[in-house]
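Below are some notes on this structure, written as numbered points for a colleague who wants the criteria stated beside the values. Please read them with the sequence and the coordinates open.

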Amino acid sequence: MSEPFERGPFLLARADAFITWAQKNSLWPFGSGLACCAIEMIATAAARYDIARFGMELFRASPRQADLFIVAGTVTNKMAPVLRRLWDQMPDPKWALAMGNCAIGGGPFPTYSVLQGVDRIIPVDVYVAGCPPTPQGLIHGLMTLQEKIARSRPTKEILDPHARRQS
Amino acid sequence: MAFREIDLNMGPQHPSTHGVLRLKLAVDNEVVLRVEPVLGYLHRGMEKLWESLTYTQIVPLTDRLDYLASLSNNLAYCLAVEKLAGIEVPRRARYIRVVLAELQRLASHLAWTGFMANDIGAMSVLLYGFEAREDILDIFEEYCGARLTVHGIRIGGAVHDLDGPLVSRIRAVLERIPKRLADIRSLLDENRIWKERTVGIGRITAGEAIDYGLTGPPLRACGVAWDMRKDIPYSSYDDFDFDVPLGTNGDVYDRYLVRLEEICQSIRIVGQALDGLPEGEFKAKVPRVLKIAPGEAFHTIEAPKGVLGFTVRSNGTDKPERVKMKSPSFINLQSLEHLCQGNLFSDVIGILGSLDIVLGEIDK
Amino acid sequence: MPADRADQSKLRKALDALAGRFGDAVLAGAADKGELAVRLTKDVIVPALSFFKEELGFNAFEDLVVFDNLNSPDEGGARFTVVYRLFKFPGAVRARLTVEVGDGESLPSAVPVYRAADWAEREAFDMFGIPFEGHPDLRRIYLPDDFEGHPLRKDFPLAGRTGGL
Ligand code: SF4
């Protein structure tokens, strides 16, 4: 055996399992607080609901440092291009969570100025319904996202760069 | 250094703009020359939407205007509709409304304290403020099941009665708040960094403030005792004994003091309303399909952020012809440029925070 | 309740003073429950506003409301009714000034008198397309500059004309 392995215990794991374990337990959210739902998102991060238990308390102000895009609130047609650009600025791998009925499908506002669902401009992984969803609801959505990440196969992309585009 | 004017853009996605507000700034080195707020990133077409809904359907949408004080919006809108339709609200219902509206003011001011301190860099105050606020949201949750968009005040009264267990719960929460407030004050009041970034910053005189249409705590921080609860009392506010806290300097620090003092006054009002809660109905008899003869009414209340008013015009059907909101944040934000001029660029955040704006009611 | 508000005779006096100053341009006037309501012709609106501010002491501008009368023709018959709400502090007296504006007509801007009217006029321009002459910076306030139409007009569909994104 080569020298490094003799020095101490070591761990063998499936690369996919290890990578997704790391990814799902240190999601750094980019909190895009747009409207009422943002307040519940902040409440989730505050003392009582304490999102830090999931390793997600690091709300980043810059999209370049985040890998989870929480769209919390009403997306208007005026705001849509801005959101799209923010999404494009986030480095891969990244996930998106639509929080609240507005982000899911326009919510109570079927009007001339509201985008009827953020999935028209960015791909959404998890939808959390509610107007606004309670912090428990958001946490449930985040745990659903963790499950989704755990099922993913990041190595597939590393080994075959075209896989992402085909799948 | 030679004079060099630089244009800066802030927002619409920025952690300290309290939502999707964009500011175009012109600065000379560190000093602010001009600020131009760019609105509309949250314009949801509320007023247009309201014209296609019935009077009762509009109430839950008012929750989504100033979402930190949804009950205040309910109250202002319902009072305007009741004035127009000539609905007499029972005395007990009026008291319940006062309890709800003042609890909402507590929640709003506590959240503001947290946001404001967070903007200046004191993250822990955010946690204290939100923890205290959660207690109040628990009351709302027990009252009608919702935390944020409460929809607890309906046309003609309130949605539920206040029963015994809830009353004692409210009392228990009110007893805890002064302690929590003392915690927050011990973190901020004499904190050197906090004072350096708030005292003397963003000053405005009383005359200018009225000229710019400022209302609410930013106006009272200049020493103007304009409070709609006293000036044009509504919902039995004249039954209660409370003070209108005033500042003297009209700066960010005084706005902070005024808000914290208002929290104490709100606790007083809620206590009195619970003590004197009259017997009777909690809701007037309102027809299921409310049709209002052509007319127009305007009603204002003192919301946590300032004077909030609704104009409602009816046309004889069950839907309004037009509902116009007079939102306090919208008018207060107009003075931002004046408040910021001559201050340091880094203080723009604090000044903006001290106005306590909510984009939901600015953009509508 | 502040004394001024209850004092009906003071309000009457104010109305008389207004009628004396503007004569025929005052189409109607009423005073009730701490509120003055007057209808004016639109060309005297700015002098009337400054009369209210300087002579009668209405120091605060509260709101600017526009109604589209397309479906419910008003007595004046014009397309839009514009309401200025003023407030007097201390005293808690309200004033409501009403003018009629036809489609395509403009109104003189109130900004030189009340600074607080600035954004309110931009909002009225954005939502109804009423131009305010002499406004320092009349642009749309909510909607993007390339937006077509004025949403709060009664003939504008709720879902918009283009269907959005
Ligand atoms: S879903 Fe409801 S609570 Fe959330 S942003 Fe939309 S209106 Fe507000």
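1. A salt bridge is taken here as a side-chain nitrogen of Lys or Arg within 4 Å of a carboxyl oxygen of Asp or Glu. By that rule the side chains of Arg48(A) and Asp135(B) form a salt bridge, with an N to O distance of 3.7 Å, and the count between chain B and chain A is three salt bridges.

2. On provenance and conventions, this is a predicted model, in which local features need pLDDT of at least 70 and side-chain atom pairs count only at pLDDT 80 or more, while totals for chains, interfaces and linings use all residues. Residues are numbered from 1 along each chain as its sequence is written, chains are lettered from A and ligands numbered from 1 in the order in which they are written, and side-chain values use heavy atoms, with hydrogens and water left out.

3. Between chain B and chain A, 31 residues of chain B are in contact with 33 residues of chain A, where contact means heavy atoms within 4.5 Å. The buried area, that is, the accessible area (1.4 Å probe) that two parts lose on being put together, summed over both, is about 2700 Å² for this pair, and carbon and sulfur atoms give 67% of that area.

4. Chain B and chain A also share 11 residue pairs in polar contact, both residues being at pLDDT 80 or more. A polar contact is a pair of N or O atoms within 3.5 Å; within protein, one must be able to donate a hydrogen and the other to accept it, and residues adjacent in sequence count only if both atoms are side-chain atoms. On the side of chain B that touches chain A, helix H1 (46-50) and helix H5 (123-144) of chain B each supply at least two residues, and H5(B) accounts for the largest share, seven residues. Helices (H or I, at least four residues) and strands (E, at least two) are DSSP runs, numbered from the N terminus.

5. By class, the side of chain B that touches chain A has 16 nonpolar, six polar and nine charged residues. In this scheme Ala, Val, Leu, Ile, Met, Phe, Trp, Tyr, Cys and Pro count as nonpolar, Asp, Glu, Lys and Arg as charged, and the others, Gly among them, as polar.

6. The contact of chain B with chain C takes 40 residues from chain B and 42 residues from chain C; the area buried there is about 3700 Å², with 56% given by carbon and sulfur atoms. Within chain B, the residues that lose the most area to chain C are Lys48(B), Asp211(B) and Gln334(B), together 17% of what that side buries.

7. Across the interface of chain B and chain C there are nine salt bridges, and one that can be inspected directly joins the side chains of Arg115(C) and Asp211(B) at 3.0 Å, N to O. The same rule-based survey gives 20 residue pairs in polar contact across the interface of chain B and chain C, both at pLDDT 80 or more. Strand S8 (residues 320-326) of chain B gives the most to the side that touches chain C, with five residues, and that side divides into 18 nonpolar, seven polar and 15 charged residues.

8. Inside chain B, the axes of H5(B) and helix H6 (residues 164-188) come within 9 Å and cross at roughly 170°, which makes H5(B) roughly antiparallel to H6(B). Axes are lines fitted to C-alpha atoms, for helices over the stretch in contact, and angles run from 0 to 180 degrees between N-to-C directions; angles under 35 degrees count as roughly parallel, over 145 as roughly antiparallel, 65 to 115 as roughly perpendicular and the rest as oblique. The residues of the contact of H5(B) with H6(B) divide into 13 nonpolar, one polar and eight charged, and those contributed by H5(B) include Asp135(B).

9. Two cis peptide bonds deserve a look: the bond from Asp92(A) to Pro93(A), with omega near -5°, and the bond joining Phe89(C) and Pro90(C), with omega about -5°. Pro93(A) is in the loop between helix H4 (80-89) and strand S3 (95-99) of chain A, whereas Pro90(C) lies in the loop between strand S4 (80-88) and strand S5 (93-101) of chain C.
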